[in-house]
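Trainee: I would like to go through this structure one piece at a time. May I ask about strands, helices and contacts in turn?

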Amino acid sequence: MSEWSVLIGGRAGEGLNKAGMVLCSLLHGQGYHVYLYYDYPSLIRGGHNFSIIRAAQRPVFAHRDRVDFLLALNQETVERHRGRLREGGVLLYDDYSVHTEGGVGLPLERILREVQAPEIARNTGIIAGFSCAAGIPWETLEQVIRREIPRGIESNLAVARGVYAVGSTLRQIPGLPQGRRFPLLTGNEATGLGLLAGGLSSYISYPMTPTSNLLHFLAQHADRYRLKVVHPENEIGVMLMALGAAYGGERVAVGTSGGGFCLMTEGLSLAGMAEIPVVIVLGQRPGPSTGLPTYSCQTELHFAISAGQGEFPRLVVAPANPAQACLWSATALRLAWKYQVPGFVLVDKNVAEGAADFDPAGIPSAAPADAVPWNGKGTYGRYTDTGDGISPWLSPPVPGQTVKVNSYTHDGRGISTEDPVVTARLQEKLLRKGAALAAEVAGLPTVLSTGPADARTVLLTWGSCTDPCIEVAGQYGLRVVQPVVLWPFPADALRAALSGADRVVAVEQNSTAQLARLAAAEGIRVHDRILKYDGRPFSLEDLEARVREVAA
Amino acid sequence: MTAGTLITDARNTWCPGCGNFSIQHALKSVILEMASEGLPLEKVVLVTGIGCHAKMADYLDVNSFYAIHGRVMPVATGIALANPDLTVVCCAGDGDAYAEGLDHLIFAAKRNINLTVIIHNNRVYGLTTGQYTPTSPLGFRGRSTPKGTVEAAFNPLELVLASGGTFLARGYTRKQPMLQTLIRGAIRHRGFSFIDVLQICATYNDIHEMYDRLTYSLEGHNPGDFDAACRKIREWDYNREAPIALGTFYSVDKLSFEERFRLTPQTPAEREAAIRAHLEEA
């Protein structure tokens with residue numbers, strides 16, 4: 001067997017996410033690529049949290065329903081998840097808080113008391129029990145604990161030693177030949193690194209799941225990157241502050257989710273009219289309204305491409321996993337500044353908060369700003385008309401020149417006007433700029449294809465559905481087509497990617513097939529739809545059953 | 001554009017007798033005077049909201065960000081954050097700063113960000129043709145409240161004082177020399193400077209007779225005394241007639257927000273090295 005799944009569950013507030021990361025680290029240390037799915041309710045304490053860790057011989061960003069190891073820190077975990085155990089799977093539980101038939105109870109309470117360890121070390125205890133049961137060498141476990149546990153290393157090690165000593169190997173997870181060890185990154189962290197590589201100098205955000213951890217990550221490392229990180233009064237303030245900062249010469253991004261983005265749309269439209277660049281990391285979670293704050297969906301595609309009054313160009317990219325998030329966040333920043341437009345990095349909770357081992361080779365080189373500079377001749381006009389609609393950029397102070405930006409319809413200098421000819425010319429300038437952006441984007445790998453080029457059936461998908469689709473399609477010889485740029489919509493590249501297909505199946509995590517509708521507007525026919533709108537990601541079993549229904 | 005006069009060739013569309021002319025004249029005079037004393041003109045950035053006041057961005061030949069209704073403070077905050085050496089002057093209306101953007105005003109004061117905020121407080125919506133604002137007196141008859149408002153005005157200076165502003169003043173458009181003195185003081189003050197300027201609206205709220213009768217200049221007042229500032233600010237509540245003090249109520253020095261963000265950006269090479277070092281640790 002080449003892959004393994006482990007589920008660890010307990011009550012919210014007990015460090016389950018961290019425990020999941022430690023398990024990832026252990027399995028990565030055994031030579032596997034790893035993926036972490038973290039499922040938690042919107043509360044601070046109580047409620048049920050669990051993580052599913054999947055270890056495989058190639059990079060993965062999808063989970064299975066069935067698991068090989070079930071680690072239960074409370075009764076609810078056993079009751080909810082026992083059915084997921086594969087035949088021959090191993091149940092390990094805390095024998096103090098869990099009462100069940102079968103499985104192996106671990107004396108966590110006794111050992112915690114013996115070594116006077118804090119309650120949180122219970123997680124380390126069950127992880128040690130797992131390590132022993134999976135035949136992972138003590139040295140590997142000790143190394144991971146020393147690296148991953150921030151506080152109380154000695155007491156955690158004492159707990160681990162105690163639990164490890166009383167266990168035995170129940171199901172060996174064989175170590176693989178050691179490749180390079182990569183850092184484990186969440187999508188939020190990968191997005192942050194991509195933005196940093198793209199030249200980010202300011203990050204402004206109001207906390208909102210699923211992008212709060214991007215704010216935390218950048219705030220934590222602000223000094224290292226000489227980054228200005230600000231958390232203002234609300235998302236209206238966020239967007240407007242970002243535009244002020246960009247006018248002043250900062251390369252700035254904001255982060256939010258749908259509800260916060262509702263408040264930003266006023267500023268987004270200002271960015272369109274005033275031609276001020278900004279990158280918006282929009283993490284999707286189920287709505288309408290507050291919806292399911294800590295779960296996932298793909299419902300903001302049409303919102304992102306049409307938000308804000310008026311018509312103005314923008315860029316929307318939708319990465320599928322941390323590697324793509326890193327790459328495309330840098331690209332979004334570069335293009336937003338070059339074309340002086342808003343650029344969206346449209347992610348969702350699964351991408352943002354899912355974690356995987358990450359090959360640093362995927363981080364693009366840090367590039368200098370790509371804005372078109374002013375040639376310094378004559379009098380500067382912020383909106384000087386040019387062939388491609390991109391006016392040279394200047395931030396004050398420049399002696400002898402004034403930089404006037406304006407939310408009103410304006411002339412080349414930035415002075416308000418109601419003149420019909422100037423009004424029409426300004427709109428045409430915005431359209432030309434959009435066309436120039438589309439032309440450059442067309443030269444990028446906007447639509448990614450995986451699987452046999454002659455496959456008659458294609459799964460058309462985007463964002464976090466992509467990796468599950470690729471795995472399932474592999475079993476049926478199908479092709480997967482993922483537009484990673486969603487606006488300007490890469491219709492030609494998509495048509496090319498779908499050529500030869502006589503059956504196109506849209507796979508999306510929403511109830512109205514938003515990508516399929518966008519494709520339809522370009523005359524691209526989608527024959528079937530596999531939709532999921534319960535907030536949970538497609539598991540491989542889940543998706544396979546659905547694909548079998550429509551594609552078999 | 002004619003840098004010598006600081007006035008652009010944009011056609012002026014304020015009503016005859018509008019108080020905005022006074023504020024424009026005062027602001028322009030102060031900027032020119034400070035420029036003659038060494039302030040580089042290119043470091044001045046004017047941020048305006050939306051409303052009659054906001055046309056200042058078209059009329060003054062300085063860097064400007066003609067923003068949207070209510071959002072002057074966050075835009076100006078972003079500019080000051082980007083470059084703490086800029087002199088950021090905000091012109092905002094009373095509808096702008098006290099209604100649509102009140103949260104931003106309070107937070108800008110709370111942060112003590114280095115901005116000079118001039119509120120064109122004519123106590124009526126002019127551009128939308130005559131509705132009440134947060135500082136219209138109780139009972140004000142506007143087009144949205146034909147029987148008179150049933151909510152009292154609030155006192156903006158009291159709000160900003162409570163929020164943490166470090167320079168608070170009140171001016172009046174018919175007291176030009178004093179207005180210039182206040183604007184100069186506000187620009188020189190490092191921190192959040194706030195001037196509530198009583199301005200008549202020639203078309204919808206011309207109450208100059210009342211202001212002429214009730215305003216007086218603060219004298220013998222210690223602007224370093226918070227309690228004294230609070231008392232003087234509360235003398236008039238913007239509803240009932242009472243003596244209306246003009247001048248600087250409060251002025252104290254505190255570290256301003258943008259000073260904490262004075263950073264030299266990394267070069268691409270430095271950034272790449274920082275990312276590599278970071279991932280080595282991860």
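Trainee: Which residue of β3(A) does Y38(A) stand opposite?

Mentor: Keep in mind that this is a predicted model. Strand β2 (residues 33–39) of chain A pairs with strand β3 (residues 48–56) of chain A in the antiparallel sense, over seven bridges. Within β3(A), the residue opposite Y38(A) is S51(A).

Trainee: In what order do the eight strands of the open sheet in chain A stand?

Mentor: The pairing in this sheet is mixed. From one strand to the next the twist averages 20°. The order is β6-β5-β4-β1-β3-β2-β14-β7.

Trainee: Why is one side of β6 and of β7 of chain A left without a neighbour in that sheet?

Mentor: β6 (104–106) and β7 (184–186) of chain A stand at the edges of the sheet. One side of each has no neighbour there because each has a single partner strand.

Trainee: Which strands stand at the edges of the five-strand open sheet of chain A?

Mentor: The five strands are in the order β16-β18-β17-β20-β21, and their pairing is mixed. An edge strand has a single partner strand, so one of its sides is left without a neighbour in the sheet. The edge strands are β16 (447–450) and β21 (528–531) of chain A.

Trainee: At about what angle to β18(A) does helix α15 of chain A run?

Mentor: Helix α15 (residues 466–476) lies across β16, β17, β18 and β20 (503–508) of chain A. Another helix, α17 (residues 514–521), lies across β17, β20 and β21 of chain A and runs at about 135° to β20(A). For α15 against β18(A), the angle is about 165°.

Trainee: How far apart are the C-alpha centres of domain 1 and domain 4 of chain A?

Mentor: The domain assignment places domain 1 at 4–166 and domain 4 at 447–551 of chain A. Eight residues from domain 1 and eight residues from domain 4 take part in their contact. The side of domain 1 that touches domain 4 has four nonpolar, one polar and three charged residues. The C-alpha centres of these two domains lie apart by 35 Å.

Trainee: Which element gives the most to the side of chain A that touches chain B?

Mentor: In the contact, 49 residues of chain A meet 44 residues of chain B. Elements that give two or more residues to the side of chain A include α7 (187–197), α9 (235–247) and α10 (258–274). By class, that side has 28 nonpolar, 14 polar and seven charged residues. With nine residues, the element that gives the most is α9(A).

Trainee: Which residue of β2(B) is the bridge partner of N406(A)?

Mentor: Here a strand of chain A pairs with a strand of chain B: β15(A) and β2 (residues 63–66) of chain B are parallel, over three bridges. The bridge partner of N406(A) in β2(B) is Y66(B).

Trainee: Is strand β6 of chain B mostly covered or uncovered?

Mentor: On one side of β6(B), F192(B), F194(B), D196(B) and L198(B) are all buried. With seven of its seven residues buried, strand β6 (residues 192–198) of chain B is mostly covered.

Trainee: Which residue stands opposite D196(B) from strand β5 of chain B?

Mentor: Strand β4 (residues 115–121) of chain B runs parallel to β6(B) and is joined to it by seven bridges, with I119(B) opposite D196(B). Strand β5 (residues 167–172) of chain B also pairs with β6(B) in the parallel sense, over six bridges. There, the residue opposite D196(B) is R170(B).

Trainee: At roughly what angle do the axes of α3 and α5 of chain B cross?

Mentor: M73(B), P74(B) and T77(B) in α3(B) meet H104(B), L105(B) and A108(B) in α5(B). By class, the residues of this contact are four nonpolar, two polar and no charged. The two axes come within 8 Å, and they cross at roughly 35°.

Note on methods
Residues numbered from 1 in each chain as written. Chains lettered and ligands numbered in written order. Predicted model: local features only at pLDDT ≥ 70, side-chain atom pairs only at ≥ 80, totals over all residues. Contact = placed C-beta atoms within 7 Å. Helix = DSSP H or I, 4+ residues; strand = E, 2+ residues; numbered from the N terminus. Nonpolar A, V, L, I, M, F, W, Y, C, P; charged D, E, K, R; others polar. Pairing = 2+ DSSP bridges. Axes fitted to C-alpha atoms, helices over the stretch in contact; angles between N-to-C directions. Domains from an automatic or database assignment. Buried ≥ 20, exposed ≤ 12 C-beta atoms within 10 Å, placed from the backbone.
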